[in-house]
Amino acid sequence: MIILFLSLTNSLFYRIIWILFVIPYCVSSADELHRRCSQSFSCGDQTDLFYPFWIPSRVECGHPDFQLQCSERFAEVSISAVKFRILEANSTSRVIRLARSDYIGGFCPQHSINAQFNENVLPFVPGTDNLTIYYGCSQNFPRSFPLLVGELDCGGDDEKSYYVTTNLSSPLLSEIGGFLNDFSGQCKRNVSIPASGPALITLQKNTTQDNLKKTLQEGFNVGLNHECLMCIASDGACGYNRISNESICHCIHQTYSLTCRKKGFSAAAKAGMEIAFGLALLFLIVGWLCSIRCRKKAHEAQYTSKDIPVTDKQRKTSSHAPRKLNIKALIPVKHYSYVQMTLVGLWCIQSSPSDRPPMNRVVEMMEGNLDALEFPPRPVFHIPPALLQESSTLSESDSFYTEICSMNVE
């Protein structure tokens, strides 16, 4: 019986730890995500970065395709298999300025590839356009075409390189659109690069290699997509669900699919208030328990078991040999401290308001007989599975109700 009692006490200990620490952590996890993802962070020479970028310590706050590589001098991100350097990021205006890393040092990289920029997450701001560079062309570009085309010196006597200062689908190239399609087949490769509108206008007015280099180094501006802007407008923080592969919005009390819902209290907020009320009652009960234990120690000499009388001789030998007593022999008749108060505490923190007893009923349960006290139903909390798996000790507490039901309390 003593072993069973100790096992019950141990189970109650883990149960109380679970109630006091695990549940509040899960209720506040949404608030923590909102707080963390609302703050900007640093990487390389950038100190005001935000979604969709992320680093290993901010996985929940970024898009999986926009992980940053940080060095002492700069921050880079790979988009569509092409590396871009972050030149500037403003968390107030939500505008980001990027430049292709392989074109910052010049316009004739050896292994440049042509890849379409993904605008689903970071769309171009108005005015951004593409310029196209043709490398290793066996055919010369006719000089009779408009001044939207310039020639590059990338080495090689038999091969020429050219660049077009506007998007290939621009109406300005409507007269030579067919020729450009045929001309690209005469070149080893062609690369389209985003550039800012003002820089392109300057380049179109004066198609020199110096202006081209400045245009590539200056980069281009992008902004956040519509879903993220709506989330921010509702006081949320943008995020991404890697399981469902969709954008989410981290809000103060809960995470939503698009925007934060501001009307009334959310389900998580209500659950948090209910649990906080139950925990407050549990603290009161624990205080009552401590008071009873103090009185028990003060009057220990007066306590005797109604089944087994305790003599002075038994008290002297009690520390040397275990006694086989039942629960009522170990606990005073009026104060079944551990079992009775813990059961009342579990009643008070039931997740369903209809299951929680009123205060007058709580007093009756505390002053009543332990045998007449019913066992509360299992509380149902929304706890992330990963958190429960990390705590191997909590699995032991699952047998809490089974152990109590199997006790022979007379």
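Modeller: Contact means heavy atoms within 4.5 Å. Leaving aside its neighbours within four places in sequence, Phe 117 is in contact with Ile 79, Ser 80, Phe 84, Leu 98, Leu 122, Phe 124, Phe 220 and Val 222. Keep in mind that this is a predicted model, in which local features need pLDDT of at least 70 and side-chain atom pairs count only at pLDDT 80 or more, while totals for chains, interfaces and linings use all residues. Residues are numbered from 1 along each chain as its sequence is written, and side-chain values use heavy atoms, with hydrogens and water left out.

Biologist: Which residues have the most contacts inside the largest nonpolar core?

Modeller: A nonpolar core is a set of buried Ala, Val, Leu, Ile, Met, Phe, Trp, Tyr and Cys residues joined through side-chain atoms within 4.5 Å, where buried means under 20% relative accessible area with a 1.4 Å probe, counting protein chains only. The largest one here has 33 residues, and those with the most contacts inside it are Phe 53, Leu 68, Ile 86, Leu 98, Phe 117 and Leu 122. Several elements each supply at least two of its residues, among them β1 (41-43), β4 (75-79) and α5 (226-233), but β5 gives the most, with four residues. Such names follow DSSP runs numbered from the N terminus, with helices (H or I) of at least four residues and strands (E) of at least two. A second, separate core of 14 residues includes Tyr 103, Ala 195, Leu 203 and Leu 212.

Biologist: Is Thr 132 buried or exposed?

Modeller: Thr 132, which is found in strand β7 (residues 129-137), counts as buried because its relative accessibility is 1%. Not counting residues up to four places away in sequence, Thr 132 touches several residues, including Tyr 162, Leu 168 and Ser 192.

Biologist: Where does Asn 225 have its place?

Modeller: Asn 225 is in the loop between β11 and α5, and with a relative accessible area of 9% Asn 225 is buried. Leaving aside neighbours within four places in sequence, Asn 225 is in contact with Asn 120, Val 121 and Pro 123.

Biologist: I would like to end with empty space inside the protein.

Modeller: Rolling a probe the size of a water molecule over the atoms shows where empty space is left. On a 1 Å grid over the protein atoms alone, a cavity is a set of points where a 1.4 Å probe fits but cannot get out, and lining residues have an atom within 4 Å of a point. The lining of the largest cavity includes Asn 225, Glu 227 and Cys 228, and its largest share, three residues, comes from α5.

Note on methods. Buried < 20%, exposed > 50% of the residue type's maximum accessible area, 1.4 Å probe, protein only. 1 Å grid on protein atoms, 1.4 Å probe; cavity = no way out; pocket = protein on both sides within 12 Å on 5 of 7 lines; lining within 4 Å.
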